[in-house]
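This report describes selected features of the model displayed below. Please keep the sequence and the structure in view while reading.

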Amino acid sequence: LTLRKVSEQRKILKDLFADQKLAVLATHSDGQPYANLMAFVASADLKSLFFATTRSTRKFANMASDNRVAMLMDNRSNSEKDFHQAVTVTATGTAREIATRDKKRVQKLYAAKHPHLKDFVSSPNCALMRMKVETYYIVTRFQNVMELHIGQ
Amino acid sequence: MIRRLEHISESDKNQVGGKACSLARMLQTGIRIPNGVCIGTEVYDEFVSSSGLREGILMELNRKKFEEMRWEEIWDAALRIRNKFLNTPMPAGIADELKGLLSSQFGHNPVVIRSSAPGEDAATTSFAGLHESYVNIQDVDAMLEHIRLVWASLWSDRALLYRRELGLNVETSTMAVVVQELVSGERSGVVFGMNPNDDSQGIIEAVHGLNQGLVDGTVEPDRWFVRRETGEVISHSPAARENAVLPSTTGVELKPLPQATSANPPLNPAEAQKVFTLARKAEALFHAPQDVEWTFRSKTLYALQSRPITTRSDATAEDKRPWYLSLTRSYENLKRLRERIEDELIPDMIEVADRLAEQRVDTLDDRHLASEIKRRTRILAKWEQTYEDEFIPFAHGARLFGQVYNDTMRPSDPHEFADLLGGTNMASIQRNEMLAQLAEAIRRNPVLERQLRNPDDATLDADFEALLNTFMDTFGEFTFSGAHSGKNRRHIIDLVLEMASREPVKKRFEPDRVKRLTEEFLSRFTDEKKEFAADLLDLGRASYRLRDDDNIYLGRIESHVHTAVREGRDRITARGHFNAARLEPREVARALTDSSYRPREAKASDAAGRQRKLRARQLLGQPAGPGIGTGTARVVTSPSDLFDFKAGEILVCDSIDPNMTFIVPLAAGIVERRGGMLIHGAIVAREYGIPCVTGVPDAPSLIHNGQQVTVDGFLGIVVIGKPTLSRESPTGGLSEA
């Protein structure tokens, strides 16, 4: 049963991450929450969420002083139907800039999903970030919530 | 949006549905039908959109996967949806338009209101009878209300189940409604242009009165087989002709036929000929053999509706519609079922259990014990089948009452009717009350409590001892998944000690509530209708009570299976080869007769690491008992878990059967995997005012002993764990190592 449940939840995540291009990133500055819409891509093992930002942004500064972040991904259609149909996933974890040795590989992954951002992600001031996910909170059917602990 | 039947053309089909379309075509080719209008799907769509019902319905149906819902849960959801329709007035604009049109069209004449859903009556998907029709509706407000009820029937359990069976998408379902003048025919029936079993023949069925009695099966028809080519009668099988369905002040009623009428068949040969000609005309019009409902008012023949016959070749996919239709049972049918259950089945069960109780198993040799185990298992299997086939359908008695109650009272809580059903001297309630008495005796007597806590103290208070013995004699056999052992007395003592350790639970409702609700319900009816309402309540109560009692009696039979199986397990374990404690009855019988038999090892459950990985945080079920309760989870999967239960814990289980309701008063909240409104857990929880959520998929495996659980019985959700986030400590710097 548990195996079936785990793979059910992983499939929900994979489908959502394949369909959705944008996610909301939450950071904070001295306790003041701050949120941004980000293009993202997930690793196949679901352990990492990748996104990019230039180093002069507030979100970058926020993460530099506290790298704990949350991301929200969802498939809402902005219609009433969302209440019974939409899937919402909150990921919690920590973000770091990708080490040089992994950069090429992740850039390729990112550009494959967001071809129009290829120049952006490879520009010198752009930081490619890896969010190491600890937990996914998966909301379906309006109020059904499962936690998938992915870290460890 | 609203069209007169004579103005409807084939191109309107998606807005008016198949029934309206075929009526219009008959009318336009000169077949006489009662005059009428069709309220298009646009009106339905506007109603559900402007009122927010559309998403409300879909949220209700998406609380869990549809294929995981038991039909009782679907029925439950359907009931809530129906109540939403009943309690949602039509927007003023639509109401005014409909009222104006209906009064100009029909004045004060009574009408028939019927569904005409697009997709209905197509050759491959016959929805015949799945949606509601209402006959003899008189004033304009009542018409509007019944239009809403016809709309609601799009979401009845049987309509939902049937759509699932056909793989139709419920999200796009919509419905048109036909309103026609009521033609109070004296003779009515159905004609089949072709006999599905013999394509050289046609069949005419006819009854006195309206054809509702024929269509729903309460009145047996006269039947004629005719030659398809000529319409000539081959044979006529007369019926008993005892009753007829006739219009009453509002609606219809079943009345005995006067002798003079019942002596004659509803049709003479010339009329039969005329009816069959109608079927052939319809067949020519629709290019396929038809099943036509008709009625004669004096000498005039009216067609009421026509649809293609599902022929044998079409039916290869096995038409299960009859089964879905059987989900609603008529009052008459239920009354017969009640007699059979009360007068035959329950006494039989008691007798079987008594006979089993007399048969000792410890004196049998191994071979005879093995056959006794098999025999008892067979007896149990037979009664379990009876339970499926006859006791479960009788639950519809409660459902029928519930529907009438909700229609009459329009309660804001669609489950209020369930409160009128319980408390009528059920075996489980008697048992629970005795336990409460035992607990109360302990509360009042600290010496007794000390004695009971010390198992070696043999001399108990005489009154208490007597009460305990009576309890053990009457209910000592009760089981939960076969819990039955010599430890029962100790278990019961521990249980009543636990019960005594907290204040007696006050029932949620004032003592006279049921009486008050009953009086209010009955006061809405007059004369013979009042009598019918009282009979219906009585039927509902019997239905609920028997569903409780049958479980108790089935539990008794089950306990005798376990007595024999336990004896076998003990003997096998005593041989010293392996522990037989978990052996299935079949394996026990085998091992008793074959000393070399070794059961296969059960597989170890999957890795614990996986289990830690996935946690349920909030689970969605059905709200079954209002209130919010927080406590430590106690997952009950076996009898011993039941007796470990501590006051103030949250009871998490597969389903509460009547045999375990006694721990309910100890619980701070209840979570059940099994869903449905008439399940015992839900009703007992309501009675004691304990928050309860049912129909939570996988609850017993997703919730673990000791977890903090909050049961929200208003919203039907269960929250597991504390509201904290797992987190690392803050770190500055962003470079990866």
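The model is predicted. Glu283(B) is a residue of helix 10 of chain B, which spans residues 269-286. Is Glu283(B) buried or exposed? Its relative accessibility is 12%, and the cut-off for a buried residue is under 20%, so Glu283(B) counts as buried.

Which residues touch Glu283(B), apart from its neighbours within four places in sequence? They are Gly193(B), Arg228(B), Ala288(B), Pro289(B) and Gln290(B).

## The five-stranded sheet

Strands of a sheet pair through backbone hydrogen bonds, and the pairing may be parallel or antiparallel. In chain B, five strands form an open sheet in the order 1-2-5-3-4, and their pairing is antiparallel. Strand 1 (2-4) and strand 4 (133-137) of chain B stand at the edges; each has a single partner strand, so one side of each lacks a neighbour in the sheet. On average, and with direction ignored, neighbouring strands of this sheet are turned by 20 degrees against each other.

The antiparallel pair of strand 3 and strand 4 of chain B is joined by four bridges. Within this pair, Val112(B) has Val135(B) of strand 4 as its bridge partner. Helix 6 of chain B, residues 140-152, lies across strand 2, strand 3, strand 4 and strand 5 of chain B. Its direction is at about 25 degrees to strand 3 of chain B.

Strand 5 of chain B covers residues 176-181. How many of its six residues are buried? Six of the six are, so strand 5 of chain B is largely enclosed by the rest of the structure. Both of its faces are covered: one side carries Ala176(B), Val178(B) and Gln180(B), the other carries Val177(B), Val179(B) and Glu181(B), and all of these are buried.

Strand 2 of chain B, residues 36-39, runs antiparallel to strand 5 of chain B and is joined to it by four bridges. Here Gly36(B) is paired with Gln180(B) as its bridge partner in strand 5 of chain B. Strand 3 of chain B, residues 111-116, also runs antiparallel to strand 5 of chain B, with six bridges between them. In this case the bridge partner of Ser115(B) is Val177(B).

Six bridges link strand 7 of chain B in the antiparallel sense to strand 6 of chain B, residues 187-192. Arg187(B) has His208(B) of strand 7 as its bridge partner. Strand 8 of chain B, residues 222-227, likewise runs antiparallel to strand 7 of chain B and is joined to it by six bridges. Arg223(B) in strand 8 is the bridge partner of Glu205(B).

## A pair of packed helices

Helix 17 (residues 446-453) and helix 19 (residues 488-500) of chain B pack with their axes 10 Å apart, at an angle of about 140 degrees. This angle makes helix 17 of chain B oblique to helix 19 of chain B. The crossing of the two helices is left-handed.

Where do the two helices meet? Glu449(B), Leu452(B) and Arg453(B) of helix 17 meet Arg490(B), Ile493(B) and Leu497(B) of helix 19. The residues of this contact comprise three nonpolar, no polar and three charged.

Note on methods
Residues numbered from 1 in each chain as written. Chains lettered and ligands numbered in written order. Predicted model: local features only at pLDDT ≥ 70, side-chain atom pairs only at ≥ 80, totals over all residues. Heavy atoms only, no water. Buried < 20%, exposed > 50% of the residue type's maximum accessible area, 1.4 Å probe, protein only. Pairing = 2+ DSSP bridges. Axes fitted to C-alpha atoms, helices over the stretch in contact; angles between N-to-C directions. Parallel < 35°, antiparallel > 145°, perpendicular 65-115°, else oblique. Left-handed = near helix turned anticlockwise from the far one by under 90°. Contact = heavy atoms within 4.5 Å. Nonpolar A, V, L, I, M, F, W, Y, C, P; charged D, E, K, R; others polar.
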